[in-house]
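Please look over the sequence and the structure before reading on.

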Amino acid sequence: MSTTADPLAALGALPGVADSVDSVRKAVDRVYGHRVMRRRGNEVTAEAALRGARGSAALSGADWALEEVRRRTDFSGEGEPRTVGGALRLTAEAGQLLSVWRQSPLRVLARLHLVAAGGTEVQDRIGRPRLPGEPVDEPLVALALPEAGEMSGRLEGLAELLIAGSQAPALVTAAVVHGELLALRPFGSHNGLVARAAQRIVLIGSGLDPKSICPAEVGHAELGRDAYLEALDAYASGTPEGVAAWIAHCARAVELGARETAAVCEALQRGAA
């Protein structure tokens, strides 16, 4: 990562990133300008939240049909039901944590892990970064796991950058938060769910998607887990090209999330949703 005073802004100057930022802004603006948003915005927000949670769960191995997520209530069972339940809880929680995020991102990350874990983990490990020697249950992410000391230092550095603020576009900041958390896997479990919820918080709090109606999780799921992990590998390489590729991938995910919500708006307008 750049050593300039504003390293996140420096990432915004990488080749192709400005085009990605511009494309996302146009896609988001089109959805917010839809006439349905003026009359039925709350319904659109609720539907986007549900679809975003389904997408995030799918990326963590619980790839349920949307209608199954909609009708099921038994999210306390082992395995996939817990994953889906964690994604739903995180989606509901994300918008409530904006003020705390601006002052203490680490507190919010701890809260997100607590919500995601839902009592499934050893109690003294919930909501805190892992210590040396503690395992991580994140089987779908095959990146080399940083040692606890390195993880802690990078996590603190990320929090300091976020608190200090940046002139970087919201998309860039959200992509870096998402990528760093997946690369570091600071918690013993549920890091993917937490990383995607943190990305959502950045997009909401930045004003890019204040109503949280453009769920990037939908786009990531649509692009596929293989493409997601390939882009994450590129980010973890630390090269400018790799980081730019990850940002572009996140941008495309937001665009696809916006397209999904535009389709929801059209269905509501026709009275078919």
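Which helix gives the largest share of the lining of the largest pocket? That share, 3 residues, comes from H10.

## Basis of the report

The model is predicted, so local features need pLDDT of at least 70 and side-chain atom pairs count only at pLDDT 80 or more, while totals for chains, interfaces and linings use all residues. Residues are numbered from 1 along each chain as its sequence is written, and side-chain values use heavy atoms, with hydrogens and water left out.

## The largest pocket

A pocket is an open set of points on a 1 Å grid over the protein atoms alone, where a 1.4 Å probe fits and protein lies on both sides within 12 Å along at least five of seven lines; lining residues have an atom within 4 Å of a point. The largest pocket holds about 490 Å³ of space, and among its 23 lining residues Thr83, Asp137, Pro139, Ser189 and His190 lie nearest its centre. Two or more lining residues come from each of helix H5 (80-94), helix H10 (191-205) and helix H12 (225-236), helices being DSSP runs of H or I with at least four residues, numbered from the N terminus.

## Helices H5 and H7

The axes of H5 and helix H7 (residues 105-117) come within 8 Å and cross at roughly 145 degrees, where axes are lines fitted to C-alpha atoms over the stretch in contact and angles run from 0 to 180 degrees between N-to-C directions. With contact meaning heavy atoms within 4.5 Å, Gly86, Arg89, Leu90 and Glu93 in H5 meet Arg111, Leu112, Val115, Ala116 and Ala117 in H7.

Key. Points joined across faces, edges and corners; volume = space filled by probe spheres on them.
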